[in-house]
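Below are my notes on the side-chain contacts. They are set out as numbered points, to be read alongside the coordinates.

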2 protein chains.
Amino acid sequence: MTTYDVTARNRILRKSQRAHYDADEVYAIVDAALVCHVGYEIDGQPYAMPTLIARDGDTLLLHGASKSRTLLHAGAGNPICVTVTHTDGIVLARSAFNHSINYRSAMIYGTGRLVADPDEKLNALIRFTEKLLPGRWDDTRPMTAQELKATGVVAVEIDGASAKVRTGMPIDEPEDVGLPYWGGIIPVRQRLGDPVADSHVPADMPVPAYLLDYVARSRGE
Amino acid sequence: MTTYDVTARNRILRKSQRAHYDADEVYAIVDAALVCHVGYEIDGQPYAMPTLIARDGDTLLLHGASKSRTLLHAGAGNPICVTVTHTDGIVLARSAFNHSINYRSAMIYGTGRLVADPDEKLNALIRFTEKLLPGRWDDTRPMTAQELKATGVVAVEIDGASAKVRTGMPIDEPEDVGLPYWGGIIPVRQRLGDPVADSHVPADMPVPAYLLDYVARSRGE
């Protein structure tokens, strides 16, 4: 298992008991997310840009229009930070001060390169499609050479990361726990709804089984 | 209604039909979120840092430990980007190329200042607590002077912003719509679960009505 060196860049300074520096934890957080935020700076202006994320082993994948400013900047090897965050609960303590949220976040540092090799690019786009819906790639009209050319992919080599995770109940001051305020959590869950067909789907075409399975699994059914 | 000037910084370059430059749209996206990502750079390293967000009129609010590196950097007036993103659906087109997600995102540019005035700080902390759960502030043990001192608040003056929103069904190539692949969306919803009391809540203490109301409203009940 890969463990990241702890440096000034990735060290969790606050609530360090919530810190994790192993790749397994970071990857689990990344794999559970569709969207990440890419931190970068151009001409003195920082950006936190939302975009889809996928992963191939130890490489993070970003994609977009091949001329996208974000992709060109990230693909040129400039330093970036890729962050994924899940909100898992609202934590209600007796004191306003100890209110919090439960969350899982991963911050990953690295540099990217634009993927030029068509096979490597195609493999990345398979990962993105399969991330949206496992089983989908084989049930779509394949990419044309022109579509492949219009799509940019950046592969991000990870050179440091950390995860920060809060779970569980509020942590009240000992002298507060007897106060007459309700304490506990409100779980926050991301949930898939029932699929909605568009107007081009024939009346006799069933919703694909892999799709229904995925929705059911996401609901813990 | 405030409309932001469109400049090189906030102009949506890709899928510009999804762009919005009015404060109402930006604020609606911010207000629906607990967490934002703050983009900033220190010593050549960009960061996209997740943190809670609140709003007071035209001012964004960030908070954390008063000595937090992020807060001190943002509070010193360095340029930052505050981004909020909601994932609303998985969009399944006939072609892999036209797959997408439905989303609402807002990117806000500005500079922050550390809030020193105790009343202004207290007001900000009320906003954060009420953001977690409307009605909560009046049902907690109030902040002590020491807790107030330990908490840092940064007020961010907005000097530009944009929102980008995708809704609705896949947009397939006209020649693809008759292909034998299912097309449509899988809705993605953030949903509050049933509240879970911690071990200090007496057996005869009911869950507060404002809490149950909030959970019910979040589910559209």
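**Notes on side-chain contacts**

1. A:Tyr109 and B:Tyr47 are both buried. The model is a predicted one, and the burial of these two tyrosines is a computed value.

2. A:Tyr47 and B:Tyr109 are both buried.

3. A:Tyr109 and B:Tyr47 make an edge-to-face aromatic pair, with 5.7 Å from centre to centre and 75 degrees between the planes. This pair likewise crosses between chains: A:Tyr109 sits in strand β7 (residues 100–114) of chain A, and B:Tyr47 in strand β3 (residues 45–52) of chain B.

4. One aromatic cluster is formed by A:Tyr40, A:Tyr47 and B:Tyr109. On B:Tyr47, the charged end of B:Arg69 sits over the ring, 4.9 Å from its centre. In chain A, the charged end of A:Arg55 sits over the ring of A:Tyr27, at 4.2 Å from the ring centre.

5. Over all chains, the structure holds 24 salt bridges. Among them is the one between the side chains of B:Arg9 and B:Asp159, at 2.6 Å from N to O. B:Arg9 lies in the segment before β1 (19–20) of chain B and B:Asp159 in strand β8 (residues 151–166) of chain B, so the bridge ties together parts that are 150 residues apart in sequence. B:Arg9 has 23% relative accessibility and counts as partly exposed; B:Asp159, at 47%, is also partly exposed.

6. B:Asp88 and B:Arg104 meet through their side chains in a salt bridge of 2.8 Å, N to O. The pair links distant parts of the chain, with B:Asp88 in strand β6 (residues 79–92) and B:Arg104 in strand β7 (residues 100–114) of chain B, 16 residues apart. B:Asp88 is partly exposed at 24% relative accessible area, and B:Arg104 is partly exposed at 26%. Elsewhere, salt bridges with shared partners join A:Arg94, A:Asp172 and B:Asp198 into one network.

7. In chain A, a salt bridge of 2.7 Å (N to O) connects the side chains of A:Arg113 and A:Glu120. A:Arg113 is partly exposed, with 37% relative accessibility, and A:Glu120 is partly exposed, with 30% relative accessible area.

How values were computed: Residues are numbered from 1 along each chain as its sequence is written. Chains are lettered from A and ligands numbered from 1 in the order in which they are written. This is a predicted model: local features need pLDDT of at least 70, side-chain atom pairs count only at pLDDT 80 or more; totals for chains, interfaces and linings use all residues. Side-chain values use heavy atoms; hydrogens and water are left out. A salt bridge is a side-chain nitrogen of Lys or Arg within 4 Å of a carboxyl oxygen of Asp or Glu. Buried means under 20% relative accessible area, exposed over 50%, partly exposed in between (1.4 Å probe, protein chains only). Helices (H or I, at least four residues) and strands (E, at least two) are DSSP runs, numbered from the N terminus. Rings of Phe, Tyr and Trp (its six-membered ring) pair if their centres lie within 6.5 Å; planes under 30 degrees apart count as stacked, over 60 as edge-to-face and the rest as tilted. A charge sits over a ring if NZ of Lys or CZ of Arg is within 6 Å of the ring centre and within 35 degrees of the ring normal.
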